[in-house]
Amino acid sequence: MPKEQALITIHHLGVSQSDRIVWLMEELDLPYLLKWYNRKDGVAPEEYLALHPAATAPVIQDGDRVIAESAAICEYICQRHAGGKLTVGPAQPNYPDYLYWMHFNNNILGLFFAKLAMAPQAPGAPEGIGRVVRRREESYYQHLEQTLGRSPYLAGSDFTCADVMVTFNLTSLPLFGGRKIDDLPNAQAYVKRISERPAYIRAMKVAGPSATPPNT
Ligand SMILES: N[C@@H](CCC(=O)N[C@@H](CS)C(=O)NCC(=O)O)C(=O)O
């Protein structure tokens, strides 16, 4: 993408949730500049941490505003630069579904980090918490599975930002030890449906977990 046409700079951390924002920009057909940062010893490098006080990926820059947090970024881009496309407004009947699935990512991530902290190598990992984490994780994934048995996308019949938010958890989180979806046929069919989207294919090619930084 020529720099002079770029609307937004996406600070992309390799193999991270920032691939969502690349995918969103491809879905919206908006120009962006992709700045790639490699992890050092598995974590974000100093230059990345300095971008925003939250020090998490994704981070975007739009003019003089630097914004973090995937769901906030998705809403921001769709509302400010795409006339609300791929979002669901408060007056629409599926607005509660949309909101719920937009925030689902943080539920899953919270449990994912709890699982990491309780891994056998984590000293003093409390057993009782393990049961709670497993129970909650199972409920979330069964909820996802049931929802996808009723509609092709999470907020209903149309693809929305909620799908952009949730897909990472199904495709990339298992690479780090997150729950797999092999036993969830509706979720598997959903991932297949998503992975056939031209914008998703384009985004994963440049910023997905198997992508390599440009010029390497
Ligand atoms: N809730 C945040 C989570 C962001 C997050 O945890 N990002 C990970 C990458 S997948 C990160 O910044 N990791 C780098 C590190 O911790 O050093 C969001 O959706 O933006």
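Which helix supplies the largest share of the lining of the largest pocket? Keep that in mind as you go through these close-ups, which come from a predicted model.

**View 1. The largest pocket, with a volume of about 530 Å³.** The answer to the opening question is helix H4 (residues 95–117), which puts 6 residues into the lining. Sorted by class, the pocket lining comes out as 15 nonpolar, 7 polar and 2 charged residues.

**View 2. The largest cavity, holding about 50 Å³ of space.** This is one of 2 cavities of 30 Å³ or more in the structure. Helix H1 (19–28), helix H6 (161–171) and helix H8 (198–207) each bring at least two residues to the lining, and H6 gives the most, with 4. Among the lining residues you'll spot Asp-19, Arg-20, Trp-23, Phe-168, Tyr-200 and Met-204. The class tally here is 5 nonpolar, 3 polar and 2 charged.

**View 3. The second largest cavity, with about 30 Å³ of space.** Around this one sit Ile-108, Phe-112, Lys-115, Glu-137, Tyr-141, Leu-173, Gly-178 and Arg-179. Two elements give two or more residues to that lining: H4 and helix H5 (127–150). By class, the lining of the second largest cavity holds 4 nonpolar, 1 polar and 3 charged residues.

Notes: Residues are numbered from 1 along each chain as its sequence is written. This is a predicted model: local features need pLDDT of at least 70, side-chain atom pairs count only at pLDDT 80 or more; totals for chains, interfaces and linings use all residues. Side-chain values use heavy atoms; hydrogens and water are left out. On a 1 Å grid over the protein atoms alone, a cavity is a set of points where a 1.4 Å probe fits but cannot get out, and a pocket is an open set with protein on both sides within 12 Å along at least five of seven lines; lining residues have an atom within 4 Å of a point. Grid points are joined across faces, edges and corners, and a volume is the space filled by probe spheres set on the points. Ala, Val, Leu, Ile, Met, Phe, Trp, Tyr, Cys and Pro count as nonpolar, Asp, Glu, Lys and Arg as charged, and the others, Gly among them, as polar.
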